[in-house]
Amino acid sequence: MKNIIYFATVLLLVIGCGNKNSTDSTSEEQAETSEIIVTQDQFDANGLMLGTMEKRTFPKIVEASGMIDVPPENRASVNAFMGGFVKSTSLLVGDQVKKGQLLVILENQEFVQMQQDYLEVFNQLDFLKAEFDRNRTLFEEKIASQKNYLQAKSNYETAQARYHGLKEQLQMLNISPEKVEQGNISSQAAIYAPISGSVTKINVAKGSYVSPATEIMEIINNDHVHLELTVFEKDILKVKKGQKIQFKIPEASEETFDAEVHLVGTSIDDAKRTIKVHGHPAHEGDGNFLPGMFIDAMIMTDTIQGRALPEEAVIEFEGSYYVLKLSGKENGNYRFEQVSVKQGESYDGYTQIISDELTDSDQFLTKGVFDLIGG
């Protein structure tokens, strides 16, 4: 703190000296070109550093936000095809399940009635088919009337349609039609996992009634995740398939991950004037990504070459940007000139410096600038 106060005092003294022989109209110009003097002891004690501008590549960036998500085929909402009471379920949120694993058993007397109806029509089919065949033969031989033939045909085909419809319903309830045909009737129906993954929601408990509209649970497979980004309309023409993406999960980590633009939406949200961009992470297994995580992303749309200094070497002061250029060294003292510059792109800890007055051989204070200008 003593050094900071000393530097600030030196700066004020230098500016004050420059103002003694000047008018108010030129005071700001002299402040910008005033020198700051730092002794060797102060330079060493405060860990100050010198450096030159270097050529670096800066990407042009479109900022976006969004979330981690999974493809539709990796997300399953488990529902019942018919209402029923939950007889049993042993799963908890976070449990891993395999495709085809038993999830829930439902119980309902309507299941019994459906199986009885199926068994009844199943047992009638042989008789109705025989009646249909007999009447068809008699009709072809002109022994029976067409009316009797058509009635037998209608009865058989109606029973067939009912049989196939009830059989399909039983299969949707995971009740075996073959067992029902053998006389095994149950009031229970099982629900199995449609995909492998982890249980992310459970909305029922033992004994609760569920209707076909009730989501019993949700299963998500995290083997493949992607980025769902939102980009503003003004930037969308810059975004193309194959461009690099860098993204962070600010609530969980400071680590930066790589991805690539996979798809660019073709319609704009009328209310928000935004468009969706779909990205694929480079290494899905490295980040333990979970659906629903919010992300901040940068889409690299282009690159430019420029001269750069470390971000710490550029200070914003009263709406302008400055660097401290080494103007000379005498008697162990460093003399720095405060130079106004235009700041370009910033990336990876470096800032692009735009100035026609500075050369590649100029030296600048790259560490400790804030103490001398902003402190």
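Predicted model: local features only at pLDDT ≥ 70, side-chain atom pairs only at ≥ 80, totals over all residues.
Local features need pLDDT of at least 70, side-chain atom pairs count only at pLDDT 80 or more, and totals for chains, interfaces and linings use all residues. Residues are numbered from 1 along each chain as its sequence is written, and side-chain values use heavy atoms, without hydrogens or water.

**The sheet.** Select strands E4, E11, E9 and E6, which in that order form an open antiparallel sheet. Strands (E, at least two residues) and helices (H or I, at least four) are DSSP runs, numbered from the N terminus; two strands pair if DSSP finds at least two bridges between them. E4 (75–79) and E6 (96–97) are the edges: each has a single partner strand, so one side of each lacks a neighbour in the sheet. Next, show E9 (residues 197–202), joined to E6 by two bridges. Gln96 stands opposite Ser198 in E9.

**Helix H5.** Select residues 146–172. Colour Tyr149, Ala152, Tyr156, Ala159, Tyr163, Leu166 and Leu170, which are buried (under 20% relative accessible area, 1.4 Å probe, protein chains only). Their cover includes helix H4 (109–140) and helix H6 (177–181), judged by contact (heavy atoms within 4.5 Å). Just after H5, Asn174 has a positive phi of about 60 degrees.

**Arg307.** Finally, select Arg307 in strand E16 (residues 294–310). Arg307 counts as buried, at 18% relative accessibility. Its side chain reaches the backbone oxygen of Ser355 at 2.8 Å. Residues touching Arg307 include Met53, Glu54, Lys55 and Asp360.

Key: Buried < 20%, exposed > 50% of the residue type's maximum accessible area, 1.4 Å probe, protein only. Polar contact = N/O pair within 3.5 Å; in protein donor to acceptor, adjacent residues only side chain to side chain. Lists of a residue's contacts leave out its neighbours within four places in sequence.
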